[in-house]
Amino acid sequence: HVKHPDFQRNPAFGKISNRDIDFFKTILAPTNIVHEVDYESSNILQYNTDWFNLYRGSSSLCLFPTTTSQVSQILKYCNKQRLAVVPQGGNTGVSGGAIPVFDEIIVNTSKMNKIRHFDAVSGAAIVDCGVVLETLDQFLEPRGYTVPLDLGAKGSCQIGGNVSTNAGGLRLMRYGNLHGNVLGLEVVLPDGTILENLSTLRKDNTGYDLKQLFIGAEGTLGLVTGVSFLTPRRPKAVNVAMIGLNSFEDVQKAFVMAKEDLSEILSAFEFWDHDSVGVVKSQMMQDVNYPIDGEHAFYALLETQGSKQEHDQEKLDEYLARLLETGVAKDGVMAQDAKQVSSLWGWREKIPESISKSGTAMTYDVAMEVPLLYKMVEDAKRHFGEKNQLGDGKLYSNLLGFGHVGDGNLHIMANLDGFDDHGQEAMDEFVFSWAMRNKGSITAEHGVGVSKVNYMNRAKSPAQLTLMRTLKNAIDPNGIMNPYKVIPNRT
Ligand code: FAD
């Protein structure tokens, strides 16, 4: 199943000609140009297809610049020729944002991967946009620092993509989001102008904070080529526990108690439901025993990061004892070493990948008040259970919820196989309407891309949309940067 977004190609955009290819050959090495007239040919198909295989573009051209100056020359030319462009990082985004909708030129940043500067006193790091998140963390590890961002796709996603989606991830509750951690950006604007502000200052109030515009802009305003951000000290002690609970009420109680008992060392509080366990076991971890005995309706993983192992361990022991004594948790286990820490995290991190392996997955990332988080999943099960034409209960094993309790962020995922032909639309409408009705956000961290653009007219007020369009038109008057994404057509 490949979803083609239902848009019309903008006829104002040019189509790639041999003359254009000749121009790109003057600025890029031949190995950094992939041009295939047949966009389904294997060389270019991977850049036209997203991680979950939900979206497919039909671009015949993918460019791999290696420097900011090359990006500038590419965009300047495309702007002049009215050639539409889609920036692409690690292509792990889950909103279809990095995939061309039609024949937009893909500008892939994987070959811009230098770590430019690191200051071991302040922890400020300046990197090219194409540095892979995990690579940067490996660079920082021996220097005693870490990246203030961690997510399941860390082995593939790139810093430029993280910034452009304002990625949240597993430790947002500890380190805050990228609007706070990014100190400066280098961005190439659609007309080729290089907006250089790779500041390493923590404080700078000289006028508008322009970088904020590009954080989470999903490539619609310019191409981020460099990022400067603050990296925190790597914690000396990391402890992880997993607990089994009877209800989402108990998940919330355990969360409040964790804030009380673990306060400054609490770094993550994640939860998932029983169905999530089933899908991970069946797809990825068949031969591994589940760390907790018995079956539980919910599971939570909590992590502490601090500077003294014994101190943190003692706090966590006391917290777990209190959870069990009060009956809030039914069972619990604590990692004994680094291997067990990553193994416990594995059960949480493998959920999205597992459901996508089990078939065509629909994935959502809504935000709302914590008490409402799981109600959406229960309502969805009821709603689709009643409507399920198959009547075989299959849907129940295909619809699951997990997420970042600490950030009020739920991932509800479903496998399309349990739905009829209109499953995707029905699920979109259910999830987005539910979130909006309950004063939530239709996207907490994945971004709008193409997947939610049709809902923007309902999710944002006319005044907000007007200002977004004004900004877009001012920066990108020809609309070449990642068209059809984020900002909806006027209704
Ligand atoms: P891409 O997918 O390549 O691009 C994403 C968007 O940014 C596109 O609109 C693209 O046009 C634009 N873009 C990319 N690079 C640039 C650039 N240099 N300049 C301008 N625009 C650019 N997200 C979370 O927030 N939290 C999670 O916990 C999380 N977990 C994930 C787990 C898995 C298994 C997967 C597959 C994804 C997950 N994500 C999560 C989604 C997340 O948004 C991406 O993984 C990541 O932030 C995107 O980085 P990327 O380099 O792959 O960007």
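Which residues does UniProt list for "domain: FAD-binding PCMH-type"?

1. The model discussed here is a predicted one. In an unreviewed entry, UniProt lists residues 55-234 for "domain: FAD-binding PCMH-type".

2. The domain assignment divides the chain into domain 1 (18-108), domain 2 (115-230), domain 3 (237-354) and domain 4 (359-437). Taken over C-alpha atoms, the centres of domain 1 and domain 3 are separated by 42 Å.

3. The shell around the ligand deserves a careful look. Of the 38 residues around the ligand, those that come nearest are Gly 89, Gly 93, Gly 97, Gly 160 and Gly 161. The elements that give two or more residues to this shell are β3 (85-88), α5 (159-165), β9 (223-230) and α12 (338-357), and the largest share, 5 residues, comes from α5.

4. As to composition, the residues of the shell around the ligand divide into 14 nonpolar, 21 polar and 3 charged. Domain 1 (18-108) and domain 2 (115-230) each supply at least three residues to the shell.

5. Gly 96 is found in the loop between β3 and β4 (105-108). Gly 96 and Lys 452 are 356 residues apart in sequence, yet their C-alpha atoms are 9.5 Å apart in space.

6. The nonpolar interior can be described next. In soluble globular proteins, nonpolar side chains tend to be buried together. The largest nonpolar core of this model has 136 residues, among which Val 85, Ala 300 and Val 366 touch the most other members; helix α13 (residues 373-387) gives the most to this core, with 6 residues.

7. Which residues does Val 366 touch, not counting residues up to four places away in sequence? With that exclusion, the contacts of Val 366 are Met 376, Leu 410, Ile 412, Val 431, Ala 435, Gly 440, Ser 441, Ile 442 and Ala 444.

8. Ser 263 has a positive phi of about 20° although it is not a glycine, and its place is in the loop between α9 (248-262) and β11 (266-273). Ser 263 is exposed, because 10 other C-beta atoms lie within 10 Å, where 12 or fewer is the limit for that class.

9. Tyr 484, likewise not a glycine, has a positive phi of about 75° and lies in the segment after α17 (462-475). In contrast to the exposed Ser 263, Tyr 484 is buried, with 24 other C-beta atoms within 10 Å.

10. Asp 261 is found in helix α9. Asp 261 is partly exposed, with 16 other C-beta atoms within 10 Å, a count that falls between the limits for buried and exposed residues. Not counting residues up to four places away in sequence, Asp 261 touches Lys 315, Glu 318, Tyr 319 and Arg 322. Asp 261 and Ile 115 are 146 residues apart in sequence, and their C-alpha atoms are 39 Å apart in space.

Note on methods. Residues are numbered from 1 along each chain as its sequence is written. This is a predicted model: local features need pLDDT of at least 70, side-chain atom pairs count only at pLDDT 80 or more; totals for chains, interfaces and linings use all residues. A residue is near a molecule or strand if its C-beta atom, placed from the backbone, lies within 6 Å of it. Helices (H or I, at least four residues) and strands (E, at least two) are DSSP runs, numbered from the N terminus. Ala, Val, Leu, Ile, Met, Phe, Trp, Tyr, Cys and Pro count as nonpolar, Asp, Glu, Lys and Arg as charged, and the others, Gly among them, as polar. Domain bounds come from an automatic or database domain assignment. UniProt positions are given in the numbering used here, feature names are shortened, and annotations may be inferred rather than shown by experiment. A nonpolar core is a set of buried Ala, Val, Leu, Ile, Met, Phe, Trp, Tyr and Cys residues joined through C-beta atoms within 7 Å. A residue is buried if 20 or more other C-beta atoms lie within 10 Å of its own, exposed if 12 or fewer, and partly exposed in between; C-beta atoms are placed from the backbone. Two residues are in contact if their C-beta atoms, placed from the backbone, lie within 7 Å.
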